[in-house]
Amino acid sequence: GPASNILAAALLALPIRAGLADWSSPFLVAGLPRTPAELAGGMLSYAILFNVALAVFNLIPLVPLDGFKALAAVLPRGLADKFEKLERFGPFPLMLLLMLDVMLPVSLIGSWVGPLANWTGRIVAGHPVD
């Protein structure tokens, strides 16, 4: 689940934190890598952000994602019981969200998963957050 994705991102960030590779935000294309450290850093940065984005996405509180059970666990019992009744709809709300995300001119998921994943990835990699 999300914890394994964050753990994978943290392990991938070790060379960057140790100064063996350079952090390279995949969202800022600055040309081709000039050194092996830049190449390694770019590949590690992509892998870190991919794992963090998966963790963030998996925390959306919709069935069958982990965020559904996590939210149900922290809600007061009466509200959690009502919330868990949404489980009968199965993955259809998630599928609807994904379809809307593709059809709309602005990405619903990407507009908040992307920035949150970028911010979290930079923290995991030990890179200053702007």
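This is a predicted model: local features need pLDDT of at least 70, side-chain atom pairs count only at pLDDT 80 or more; totals for chains, interfaces and linings use all residues.
I will start with the inside. The largest nonpolar core has 15 residues. Those that touch the most other members are Ala9, Ala13, Ile16, Trp23, Ile48, Val52 and Ala125. Three helices each supply at least two residues of this core: α1, residues 2-17, α2, residues 36-58, and α6, residues 110-124. Of the contributors, α2 gives the most, with 5 residues. As background, nonpolar side chains in soluble globular proteins tend to be buried together.

Next, the aromatic residues. The structure holds 1 aromatic pair. Phe68 and Phe83 make up this pair, and their rings are stacked, at 4.6 Å centre to centre with 25 degrees between the planes. Why does that count as stacked? Because planes under 30 degrees apart are given that label, and here the angle is 25 degrees. Phe68 sits in helix α3, residues 66-74, and Phe83 in helix α4, residues 77-84. The two are 15 residues apart, and the pair links distant parts of the chain. Both Phe68 and Phe83 are buried.

Now the charged side chains. How many salt bridges are there? The count comes to 3. In general terms, side chains of opposite charge can pair when their charged atoms come close.

Take Lys69 and Glu87, whose side chains meet in a salt bridge at 3.3 Å, N to O. Lys69 is in helix α3 and Glu87 is in the loop between α4 and α5, so this pair ties together parts that are 18 residues apart in sequence. Both partners are partly exposed: Lys69 has 46% relative accessibility, and Glu87 has 35%.

The other two salt bridges share Arg77. With Asp81, Arg77 forms a salt bridge at 2.7 Å, N to O. Asp81 and Arg77 are 4 residues apart in helix α4, so about one helical turn separates them. With Glu84, Arg77 forms a salt bridge at 3.2 Å, N to O. Arg77, Asp81 and Glu84 are therefore linked in a network of salt bridges, given that a salt bridge is a side-chain nitrogen of Lys or Arg within 4 Å of a carboxyl oxygen of Asp or Glu.

Is Arg77 buried or exposed? Arg77 is exposed, with a relative accessible area of 51%. The cut-off for exposed is over 50%.

On to the surface. There is a nonpolar patch formed by Leu96, Met99, Leu100, Val102, Met103, Leu104 and Leu108. Together these residues have about 670 Å² of accessible area. One of them, Leu96, is in helix α5, residues 92-103. Leu96 is partly exposed, at 47% relative accessible area.

Asn58 lies in helix α2 and counts as buried, at 15% relative accessibility. Where the cut-off matters, buried means under 20% relative accessible area. Apart from neighbours within four places in sequence, Asn58 is in contact with Gly1, Pro2, Leu65, Asp66 and Gly67.

Gly67 is in helix α3 and is also buried, at 2% relative accessibility. With neighbours within four places again left aside, the contacts of Gly67 are Asn58, Leu59, Ile60 and Pro61. For a sense of distance, the C-alpha atoms of Gly67 and Ile6 are 15 Å apart, and these residues are separated by 61 residues along the chain.

What kind of peptide bond joins Val63 and Pro64? That bond is cis, with omega about 5 degrees. Most peptide bonds are trans. Pro64 is in the loop between α2 and α3.

That is the end of the tour.

Note on methods:
Residues are numbered from 1 along each chain as its sequence is written. Side-chain values use heavy atoms; hydrogens and water are left out. A nonpolar core is a set of buried Ala, Val, Leu, Ile, Met, Phe, Trp, Tyr and Cys residues joined through side-chain atoms within 4.5 Å. Buried means under 20% relative accessible area, exposed over 50%, partly exposed in between (1.4 Å probe, protein chains only). Rings of Phe, Tyr and Trp (its six-membered ring) pair if their centres lie within 6.5 Å; planes under 30 degrees apart count as stacked, over 60 as edge-to-face and the rest as tilted. Patches are made of residues with over 30% relative accessible area and no salt bridge: like charges are joined within 9 Å, nonpolar side chains (Val, Leu, Ile, Met, Phe, Trp, Tyr) within 5 Å. Accessible areas come from the Shrake-Rupley method with a 1.4 Å probe; for residues, only the protein chains shown count as cover. Contact means heavy atoms within 4.5 Å.
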